Amino acid sequence: MKKKICIVTAARAEYGLLRPVINKIMRDGQLEAMVAVTGAHLSPEFGLTAREIEKDGIAIDKKIEILLSADTAPAISKSMGLALIGFSDYFEDKKPDAVLLLGDRYETLAVAVAAMNARVPIFHLYGGETTQGAVDEAIRHAVTKMAYLHFTSTECYRRRVIQMGESPERVFCVGALGVENALHTDYLTKAMLSEELGIDLERPYALVTFHPVTLEEKSAKQQAEAILEALEEFPEWNFIMTKANADRDGRIINRLFEAYASTHRNVKLFSSIGTKRYLSAMRYCRMVIGNSSSGLIEAPSFKAPTINIGDRQLGRIKAESVTDCLPEKSDIVSAMLKADAAIEKGLFKETVNPYGDGNTSDQIVQRMKEALCVSGINLKKVFFDIA
């Protein structure tokens, strides 16, 4: 009998990373994929991206509605409560042999708690990382302590998970799935991408994604405005912008971006453009601007410079192609000009991505099979003390 692995996805970026793992589980003779979809995937406001999963030929086992029409602190907490209730019922009904969780979103924490209470082993991507500007930091570490198997993106992060008391025998450095996607996606040509997105990509263009810094109080509006003021200094460029995710104050950013895009012909704003188009856009872009993790993890594989704005990604390992700057117009403009000049000098051609070589999903599936089908799982974890 196949071992059932529940894969949970709540947002577009998370699904894009998990897709190669899902596909390999679906083709495996010993494992069965149960894809549970929740959060922003089921919201028209965020592009109803569950349809992208279905278009990829992936069967959705369960859709669990949790998202409220607000992004305040109480609304986020209530969404977590709905996730805890919904997934508690789901795990009781389907009884998966394990659940695979990626990252550090608030939905992930609620699902992890439900799985822990149901005694469903948690396999976690990606512990050990630090993002000091976001609540993701605390969530990620909390899920690490509930998880049984750990898959990290760098050796440094693997050591941190062990430092948190997890046995080295259950912690594996596998690299980042984002790098695998970047290196193995069947890209659109620039002409095809230009036609699909409705924007001229023969002109220099940048890819812009900015999310709220959730440990800062009421900074989203000011920082989003600073980004838009910086873009004004590059009227000869085009900009492909994607909306912020369903985090606290994300809607503030989205409203500002919508108003800006409606009055600027050189800007195209999307709720979601899908993994293939997003990576294709990154492949041909002049640079990546914002504070998305994709600028740190995927962009270096394309030798594309990243302007990393503010503190959301503070603490993460960065390639030399990443330039940190303050969320202020002058600093953003200065960083963009500096990166543009470096491109002309060919300074990013030898960029080395610190997040692996793109052979990640095979390692994850193999380790899960070993745990479920060979060695077995004992949830009575022993705290590992560092000598």
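Mentor: Contact means heavy atoms within 4.5 Å. This is a predicted model, where local features need pLDDT of at least 70, side-chain atom pairs count only at pLDDT 80 or more, and totals for chains, interfaces and linings use all residues. Residues are numbered from 1 along each chain as its sequence is written, and side-chain values use heavy atoms, with hydrogens and water left out.

Trainee: How do I read a nonpolar core?

Mentor: In soluble globular proteins, nonpolar side chains tend to be buried together. A nonpolar core is a set of buried Ala, Val, Leu, Ile, Met, Phe, Trp, Tyr and Cys residues joined through side-chain atoms within 4.5 Å. Buried means under 20% relative accessible area (1.4 Å probe, protein chains only). Here the largest core has 33 residues. Leu100, Phe123, Leu125, Phe151 and Met368 touch the most other members.

Trainee: Which element gives the largest share of this core?

Mentor: Helix α1, with six residues. Helices are DSSP runs (H or I, at least four residues), numbered from the N terminus.

Trainee: How do I read two packed helices?

Mentor: Use the angle between their axes and the distance between the axes. Axes are lines fitted to C-alpha atoms, over the stretch in contact, and angles run from 0 to 180 degrees between N-to-C directions. Helix α1 (residues 12–26) and helix α7 (residues 177–184) pack at about 80°, with axes 8 Å apart. That makes α1 roughly perpendicular to α7 (65 to 115 degrees).

Trainee: Which residues in α1 meet α7?

Mentor: Gly16, Leu17, Pro20, Val21 and Lys24.

How values were computed. Helix = DSSP H or I, 4+ residues; strand = E, 2+ residues; numbered from the N terminus. Parallel < 35°, antiparallel > 145°, perpendicular 65-115°, else oblique. Buried < 20%, exposed > 50% of the residue type's maximum accessible area, 1.4 Å probe, protein only.
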